[in-house]
Amino acid sequence: MQKKIENILVVGAGVMGSAIAQVFAANGYKTVMADLKEEFIETALKRIDANIEGMVEESLADDSYGTAVKDNLTTILNAQIPDVAEKFDLVVEVIFENKDAKKDLYKILSDNCRPDCIFASNTSGMDVFSVTEEVMKNPERLIITHWFNPPHLMKIIEVVKGPKTSDETAEAVRTLLEDCGKKPAVLNKFMPGFIVNRMATVICRELYYMVEQGWVSPQDAENALKYTDGLRWSFEGPLELWDFVGLEIPITVASGVMPTLCNRTDCIPYGDKLIAEGKTGVRAGEGMLGKYPADVDGYIKKRNKRIVAMYKMMNQFEAEDALEK
């Protein structure tokens, strides 16, 4: 029988953790958000209020959304976790990517939570299964749920099973995330980069290689993808596109492309060059595509606004597809 999740603990109240807690609370789950200091909690609650305000302004939520968050979300300090640990069905870990810190936290959780409580790490790449092996009791309940920023808007969540993660754990987590309106993508085995970052690495390795070879400028390379795949991928992913075209054509094209692709397995040299020059991206003021505005917060707001616009469009596409089924 699949485990029913009702009470959730989110450990880590940063940008990701606070929005994840917001999602669960908004969908009716009794959610507790924890962090090391009261000031971190206060900042997180203000951030959640701002998220909700933004969603209401964009007609992505009504007043009942904020009411649900207020009714279902409470906070504690990390030091209080052992006192209340037994009541939770799921703990979502969203702390910083430090092996020792994660190991210490999972020991506390494993020692104090019920044996059937599921642990889900939001790590973006760490092998938490190996890191926590010495301290984890009942390792079949440990899984990765990798959310994307901003979590309250991005639908995709990578769900990664470890070597001992049970099918029951994976299905319980999938059901929960789908109930929250998310689109879980399950990876049956831990692999570096999971699904999304593996594909991003493949694509960017080739684009950086083409720029390095002088075959194309960074902006033209960017435009080539933005104005083809960028237009299609909101309703038709790369696998569906090949099905639409008919596999004979792309597979034939691939036979000529494959021998010419960059196949380095050690690094991306052009990326290393940019890092050495301090051109690391938006927050540095300059990156692969040139200079960026000094107002990073303004850039983020503009980016989030565009995510909202695409979010609305994808909701429309999903509603259209549902009518056809």
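The model is predicted, so local features need pLDDT of at least 70 and side-chain atom pairs count only at pLDDT 80 or more, while totals for chains, interfaces and linings use all residues. Residues are numbered from 1 along each chain as its sequence is written, and side-chain values use heavy atoms, leaving out hydrogens and water.

- Eight strands make an open sheet of mixed pairing, in the order 3-2-1-4-5-6-7-8; strands are DSSP runs (E, at least two residues), numbered from the N terminus.
- Strand 3 (73–77) and strand 8 (183–187) are the edge strands, each pairing on one side only; pairing takes at least two DSSP bridges between two strands.
- Strand 4 (residues 90–93) and strand 5 (residues 118–121) run parallel, joined by 4 bridges.
- Val 91 stands opposite Phe 119 in strand 5.

**A helix on the sheet**
- Helix 5 (residues 99–112) packs on the sheet and touches strand 1 (7–11), strand 4, strand 5 and strand 6 (142–147); contact means heavy atoms within 4.5 Å, and helices are DSSP runs (H or I, at least four residues).

**The nonpolar patch**
- Phe 244, Val 245, Ile 249, Val 253, Val 257, Met 258 and Leu 261 form a nonpolar surface patch; members have over 30% relative accessible area and no salt bridge, with nonpolar side chains (Val, Leu, Ile, Met, Phe, Trp, Tyr) joined within 5 Å.
- Helix 12 gives the most to this patch, with 3 residues.
- Leu 261 sits in the loop between helix 12 and helix 13 (269–276).

Methods: Patches are made of residues with over 30% relative accessible area and no salt bridge: like charges are joined within 9 Å, nonpolar side chains (Val, Leu, Ile, Met, Phe, Trp, Tyr) within 5 Å. Accessible areas come from the Shrake-Rupley method with a 1.4 Å probe; for residues, only the protein chains shown count as cover. A salt bridge is a side-chain nitrogen of Lys or Arg within 4 Å of a carboxyl oxygen of Asp or Glu. Axes are lines fitted to C-alpha atoms, for helices over the stretch in contact, and angles run from 0 to 180 degrees between N-to-C directions.
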